[in-house]
Amino acid sequence: GSRAAIALSVVLPRIHLKNNRLIMAAAVEVKLFDRWTFDDVQIEDITLQDYLAVKQKFKFYTYLPHTAGRYSAKRFRKAQCPLVERLTNSLMMHGRNNGKKLMAVRIVKHAFEIIHLLTDKNPLQVLVDAVTNAGPREDATRVGSGGAVRRQAVDVSPLRRVNLAIYFLTSGARAAAFRSIKSIAECLADELINAANASPNSHAIKKKDEIERVAKMNR
């Protein structure tokens, strides 16, 4: 009861009593994989700030990109899923990898280490920049009326930009690692670094440019 709580609060200085329940305050800073800090990550693109779940709310601070949250139960709830976890989930594709989240978490962990070694930056910042650069801003949709189908250029919503960027990044890493000596973690690291630098070597940047080029033709 409360006597035990008082005794505990002598031992652990960071404990508060609330409704006779023990509430432990965050005495330590939450870091991703206990290594990468969330605090100094900057989201340059103002339109994506609500859709890149990095540090806007306390619940986005996680040690592991594995929260077991039900983010697909409702429309737009996936915007509340931590960005690194969305990357992790997107790696679990192509039948043989379905549901292997621990493997995906390990790949992301290794990729972040490689990014830090190659760029000396916070890998979270590299990821945010990559997603910002890799999402297409304009796309072409099909407008059909009675047999005649033509393409019409439309703006892309912020959430879809994030969705497509994550998909392109993981697809590019997967394609590069397939039948190659390089591990998927190395390929993911390369893809994120290239996309963060807006380099044309990145699969995601190529896809984005292609989509925007088609959209420009159909304005």
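Here are some questions and answers about the predicted model shown above.

Student: What should I know about the model and its numbering?
Tutor: Residues are numbered from 1 along each chain as its sequence is written. In this predicted model, local features need pLDDT of at least 70 and side-chain atom pairs count only at pLDDT 80 or more, while totals for chains, interfaces and linings use all residues, and side-chain values use heavy atoms, without hydrogens and water.

Student: Which pattern does the chain follow along the sequence?
Tutor: Helices (H or I, at least four residues) and strands (E, at least two) are DSSP runs, numbered from the N terminus. The chain has seven helices and six strands. Read along the sequence, they give α-β-β-β-β-α-α-α-β-β-α-α-α.

Student: How much of the chain counts as buried?
Tutor: Buried means under 20% relative accessible area, exposed over 50%, and partly exposed in between (1.4 Å probe, protein chains only). Of the 219 residues, the buried share is 41%.

Student: Which helix gives the most to the lining of the largest pocket?
Tutor: On a 1 Å grid over the protein atoms alone, a pocket is an open set of points where a 1.4 Å probe fits, with protein on both sides within 12 Å along at least five of seven lines; lining residues have an atom within 4 Å of a point. Here 19 residues line the largest pocket, and Lys 78, Arg 86, Asn 89, Ser 90 and Asn 163 lie nearest its centre. Two elements, helix 2 (83–91) and helix 5 (158–177), each give two or more residues to that lining. The most, four residues, come from helix 2.

Student: And which helix gives the most to the lining of the second largest pocket?
Tutor: This pocket has 16 lining residues, with Arg 96, Asn 97, Arg 174, Ala 177 and Ile 184 nearest its centre. Helix 3 (101–119) and helix 5 are the elements that give two or more residues. With three residues, the top contributor is helix 3.

Student: Is Ala 68 buried or exposed?
Tutor: Ala 68 sits in the loop between strand 4 (36–37) and helix 2. Its phi is positive, about 55 degrees, although it is not a glycine. Most residues other than glycine have a negative phi. At 62% relative accessibility, Ala 68 counts as exposed.

Student: Where is Ala 198, whose phi is also positive?
Tutor: Phi of Ala 198 is near 55 degrees, and this residue is not a glycine. Ala 198 has a relative accessible area of 45%, so it is partly exposed. Its place is the loop between helix 6 (184–196) and helix 7 (203–217).
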